Amino acid sequence: MNKIKSLDDLRQLREGMQAKIKLRESGNNSENIVRIKVAMSTCGIASGAKEIMNFLMEELEHKAIDAVVSQTGCMGYCYAEPTIEVTVPGREPIVFGDVDKFRAGEIIEKYIIHNELVDGILPVNYRTIEN
Amino acid sequence: MADYKMHLLVCGGTGCNASDSEQIRDNLLTEVEKHDLNDEVQVVMTGCFGFCEKGPIVKVLPDNTFYVQVKPEDAATIVEEHLIKGRKVERLLYKDPENNEPISDSKHMEFYKKQVRIALRNCGFINPENIDEYIARDGYAALAKCLGERTPQQVIDEIKLSGQRGRGGGGFPTGLKWEITSKSIADQKYVVCNADEGDPGAFMDRSILEGDPHSVIEAMAICGYCTGSTKGLVYIRAEYPLAIQRLKTAIKQAREYGLLGEEIFGTPFSFDITLRYGAGAFVCGEETALIHSMEGLRGEPTFKPPFPSESGYLGKPTTVNNVETLASIPVIINKGAAFFNSIGTAKSKGTKVFALAGKINNVGLIEVPMGTTLREVIFDIGGGIKGGKKFKAVQTGGPSGGCLTNSFLDTPIDYDNLISAGSMMGSGGMIVMDEDDCMVSIAKFYLEFTLDESCGKCTPCRIGNKRLFEILDKITKGLGTEEDLSRLRSLCKVIKDTSLCGLGQTSPNPILSTLDNFYDEYLAHVKEHKCPAGQCKSLVKYTIDSEKCTGCTLCFRNCPVGAIAGEKRAPHTIDNSICIKCGVCYDKCKFDAISVS
């Protein structure tokens, strides 16, 4: 790993990363990848997020869907743990709450494959500092 | 296979559900079917939109139309007008409170997004174990800006201008704290991150450290640059293993990138961070006790002054900042003080993270601008009280805070308003109580906590709190008298006035605020020996109505302590000297013969 020695180094790295993420999210290229984030703070893990993450990875591989499943921190929806955010290329990210294995399967089958929504979506109810 | 062109999202949050959202969904489904739109339109239930006051809510995708206060009979209109004719149903649109204009696209509805995420900006967005994802979201740009373009004093001025106050509870201005340390002269200074989160029900610091550890590391380095410190310490409780692990990973990655260590960004500034583990003592959240604990001494507070900014860790000037305070620093630098102080109230700027817990539907971690009212937090974001019960009180500020009632629901939340209401901001725990909660028991619960956590150094806190607890215990057992209430009050005052540190000075708050706001409940306990909420077991009495009792023996067979006696097919009786008030008999009786008083 190269050390960051100046502000320019940091900028370069940031732009490189942003480009990479953009590429991943716009899905205009061959990388038509579904991205799933699993909220994995202590509370999420305690309510089963780890098992859900493993299950998602296995199922997606089994169904040969190109996807990246990654962990993230607390999304704040304690009442609906485990929670996951699914971004299908070309569509807005959607957060699903109370995800057990059954619902995880349903999300893959119905939402990811067939663009059908399933009950229990958590609407975004906050503003970020970007907008 | 259906290829849906439109989605109707019906809010299935508990609040909307209570006002018939299921019926709305069913009606929409029927209408969609009636018009043969099954293959084009899908109707789904969602979680809470956080706008319960205007519920039930129906949102139409992809055009983001946001209908409020929808009634089941509106389903036909929505389908016929909006879906078929493509005309939005004007009367159901939300109207901008400022100019009464209907707003159709919810993307323009700032108000319904009552939360603004600054400290939590990356939580749930980035992978906390990947520094690159943090950098992609402007991570370490604030540190670079400070080191490359600003003098320490300029940065301090920016923080002062932003009006940020410490999020750990006290609300001391952050910029001022940094300035005092920067002006102290010493061969070594320290930056300490206080991650000893101890309030019952508060978990915002843990969530930030688990979700976005780099923001804290970056802010500590900025603080180091401003104050002239090269060493940072994170005091974190050992009960937070995942936070510790993620913090360690983050520190390692930052070192590999040269963002911690020698000559950061090619400048002469060097800074590194190590961790110190706390054993989970509440008093160690107090900065002097925290410092002693880090020094390997007993976690006991000492008298201030001298303040840690002048003489702290190992006698050197030390800046102690809370996790949430630090997590907001990079935003202040990147977006400017003006951005930060445009949010909030006159004396409290920015946003505050609250851990919403208790008898509330949407238990969760929220971040709202200072000045948001309790009503908005509890009834909109929190989705109201569980089970449709009545709101009774909300406890803020943990064991140092107080209980606020109905009359404070419309008070804008900020440091000063909460204090004048008899509570405090604290670290941001917010525990909601409903009509079934006994306020005397709640006060007793918090007292028990402080009693356990008192370090024992000063007499008022060590002995005074014990006496307070004994009086409360007496009251909840029905042995209290009216004189006890005045004794409680005067003892509270003495403890507040004479304790050494914040723990003792604030420990009587839960009692004082409940005495002020729920005096009737205390009176009922001491005068009538009754607990209005039915929570104090000693004051509850179960009796069997001999008229209704059929002698079925069900209660007799289920009583775990053998307090019930009686012959088959003859009325039974309860011996209250044996009864442990578990309520099993009450639940089991099929003839409604057992009553509670």
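Two strands count as paired here if DSSP finds at least two bridges between them. Keep that in mind for the close-ups below, which come from a predicted model.

**View 1. Strands E12 and E13 of chain B, bridge by bridge.** In this close-up, B:Val353 has B:Glu367 of E13(B) as its bridge partner. Strand E12 of chain B covers residues 351-358, and six bridges tie this strand to E13(B), with the two running antiparallel.

**View 2. The open sheet of chain B.** Zoom out a bit and E13(B) and E12(B) turn up in a five-strand open sheet with mixed pairing, ordered E13-E12-E16-E14-E15. At the edges sit E13 (364-369) and E15 (402-405) of chain B, each pairing on one side only. Going from one strand to the next, the twist averages 30°.

**View 3. Where chain A touches chain B.** Chain A puts 42 residues into the contact, and chain B puts in 53. On the chain A side, the elements giving two or more residues are helix H1 (7-26) and strands E2 (67-72), E5 (121-122) and E6 (126-127). H1(A) supplies the largest share of that side, with seven residues. Sort the chain A side by residue type and you get 21 nonpolar, 15 polar and six charged.

**View 4. A strand pair across the two chains.** E6(A) pairs with strand E7 of chain B (residues 115-116) in the parallel sense, over two bridges. One to click on: A:Arg127, whose bridge partner in E7(B) is B:Val116.

**View 5. Helix H6 of chain B and its two faces.** H6(B) spans residues 152-162, and its buried residues are B:Pro152, B:Val155, B:Ile156, B:Glu158, B:Ile159 and B:Ser162. These residues cover an arc of only 155° around the axis, so they lie on the same side of H6(B). An α-helix has 3.6 residues a turn, so residues three or four places apart point the same way. Just after the helix, B:Gly163 takes a positive phi of about 75°.

View 6. Chain A is assigned domain 1 (1-29) and domain 2 (32-122), and their centres, taken over C-alpha atoms, are 26 Å apart. Chain B is divided into domain 1 (6-112), domain 2 (131-338), domain 3 (351-434), domain 4 (439-527) and domain 5 (541-596). Between the centres of domains 3 and 5 of chain B, again over C-alpha atoms, there are 41 Å.

Methods: Residues are numbered from 1 along each chain as its sequence is written. Chains are lettered from A and ligands numbered from 1 in the order in which they are written. This is a predicted model: local features need pLDDT of at least 70, side-chain atom pairs count only at pLDDT 80 or more; totals for chains, interfaces and linings use all residues. Helices (H or I, at least four residues) and strands (E, at least two) are DSSP runs, numbered from the N terminus. Axes are lines fitted to C-alpha atoms, for helices over the stretch in contact, and angles run from 0 to 180 degrees between N-to-C directions. Two residues are in contact if their C-beta atoms, placed from the backbone, lie within 7 Å. Ala, Val, Leu, Ile, Met, Phe, Trp, Tyr, Cys and Pro count as nonpolar, Asp, Glu, Lys and Arg as charged, and the others, Gly among them, as polar. Domain bounds come from an automatic or database domain assignment. A residue is buried if 20 or more other C-beta atoms lie within 10 Å of its own, exposed if 12 or fewer, and partly exposed in between; C-beta atoms are placed from the backbone. The arc is that of the directions from the helix axis to the C-beta atoms.
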